Amino acid sequence: MPKGKAAKGTKVTLKIAKKAIRMTPDGRRRLTLSNMGITIFPKCLLKLTNVDELDLSRNLIQKLPDTIGNFLSLRWLDLHSNKLESVPESIGNLVGLTHLNLSNNHLTSAGLPSTVGFLTSLKSLNLGMNHLDTLPTTMMDLSNLQELGLFDNLFITLPDFLKALCNLTKVNIKRNPLSYAQGDSEWMLKEKSKPEEDVYLVHESSLCRTCLKKCNKQRERLTQGREEGGGSDVLEGKRIRTYPGLIVPNSVACKGTFSCLTSKRKRMKRASLISS
């Protein structure tokens, strides 16, 4: 894209928007205008309020119109990687939304309205990579929420009401300045008998000889501790799971292992395991 055009912003006409609408396999009308250098929310989109899914991610949008709440048929809204500092209160009108992605913006807690709590159909809400340190208490009404992204924010403590969200099974709170006086940063997952952390499985062939040796040595030490009655602090309250030919570096290896994995990332597979 020419520099001059990118600086001015891409203009989206109604004709362009209509041509960008596609039908999803499940019969929904999806409008994708991602990564187009858009700086201002296209007003013409307000004439397409019958779309079910709207993707405006990876643009340069700084503000959403108050009329965003007119998209009553929306079920899926992706606004990640823009420059949003706030969200209008009318977002609470989108009661049919099941997926909302606001990650990688400039949102502050003051810019996240209490009306977010009206989105009771939400199953997935991504607020990661913003400037949030609190959440609206009205979010306790999001009883259908299953996944919540809060990573890379400014949370020192997490709202207690999150514990009351009975369907919440996955919470990403990585890279927050959480106070560990509050307890383990993954307290909610523990209470719900979910995995304490993501487990990254890699084949032994993906590690260099030095890291593989360290992994095996550490694993032997942990296994021995378990057989002796779980005297090791590392083992307390945890279940160690092993997989033939696979290494779990974030559980049993030194930090240097990740440097090794980074150099061989194409051979690395990531798996998220849920305890039965």
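Rings of Phe, Tyr and Trp (its six-membered ring) count as a pair if their centres lie within 6.5 Å, with planes under 30 degrees apart called stacked, over 60 edge-to-face and the rest tilted. By that criterion, a search of the whole structure returns 0 aromatic pairs.

The model is predicted: local features need pLDDT of at least 70, side-chain atom pairs count only at pLDDT 80 or more, and totals for chains, interfaces and linings use all residues. Residues are numbered from 1 along each chain as its sequence is written, and side-chain values use heavy atoms, with hydrogens and water left out.

**Chain overview**

The chain contains 6 helices and 10 strands; these are DSSP runs numbered from the N terminus, with helices (H or I) of at least four residues and strands (E) of at least two. Of the 276 residues in the chain, 42% are buried. Buried means under 20% relative accessible area, exposed over 50%, and partly exposed in between (1.4 Å probe, protein chains only). The accessible surface of the chain is about 15,500 Å², and carbon and sulfur atoms hold 51% of that surface. Areas come from the Shrake-Rupley method with a 1.4 Å probe, and for residues only the protein chains shown count as cover. Among contacts in the chain with a separation of 6 or more, 46% are between residues 24 or more positions apart, a contact being heavy atoms within 4.5 Å.

**Cysteines and a charge over a ring**

The search of the whole structure gives 0 disulfides, defined as pairs of cysteine sulfur atoms within 2.5 Å. Cys44 is buried because its relative accessible area is 14%. Cys166, in contrast, has 57% relative accessibility and therefore counts as exposed.

Arg30 sits over the face of Trp76, 3.9 Å from the ring centre. This assignment requires NZ of Lys or CZ of Arg within 6 Å of the ring centre and within 35 degrees of the ring normal.

**Ala17 in helix α2**

Ala17 belongs to helix α2. Its relative accessible area is 0%, so Ala17 is buried. Apart from neighbours within four places in sequence, Ala17 contacts Val12, Leu31, Leu45 and Leu48.

Thr10 is placed in the loop between α1 (3-8) and α2 (14-19), and counts as buried because its relative accessibility is 15%. Asn130 lies in the loop between β6 (124-126) and β7 (147-149); with 4% relative accessibility, Asn130 is therefore buried as well.

| Side chain | Backbone atom | Distance |
|---|---|---|
| Thr10 | oxygen of Met36 | 2.5 Å |
| Asn130 | nitrogen of Leu107 | 3.0 Å |
| Asn130 | oxygen of Leu127 | 3.0 Å |

Ile40 is in the loop between β2 (29-32) and β3 (53-55). At 64% relative accessibility, Ile40 is classed as exposed because it passes the cut-off. The C-alpha atoms of Ile40 and Asn59 are separated by 9.2 Å, and the two residues are 19 apart along the chain.

Most residues other than glycine have a negative phi. Asn35, which is not a glycine, has a positive phi of about 55 degrees, and Asn35 is located in the loop between β2 and β3. Arg58 likewise has a positive phi, near 55 degrees, in a residue other than glycine. Arg58 is in the loop between β3 and β4 (76-78), and its relative accessibility of 47% means that Arg58 counts as partly exposed.

Note on methods:
A polar contact is a pair of N or O atoms within 3.5 Å; within protein, one must be able to donate a hydrogen and the other to accept it, and residues adjacent in sequence count only if both atoms are side-chain atoms.
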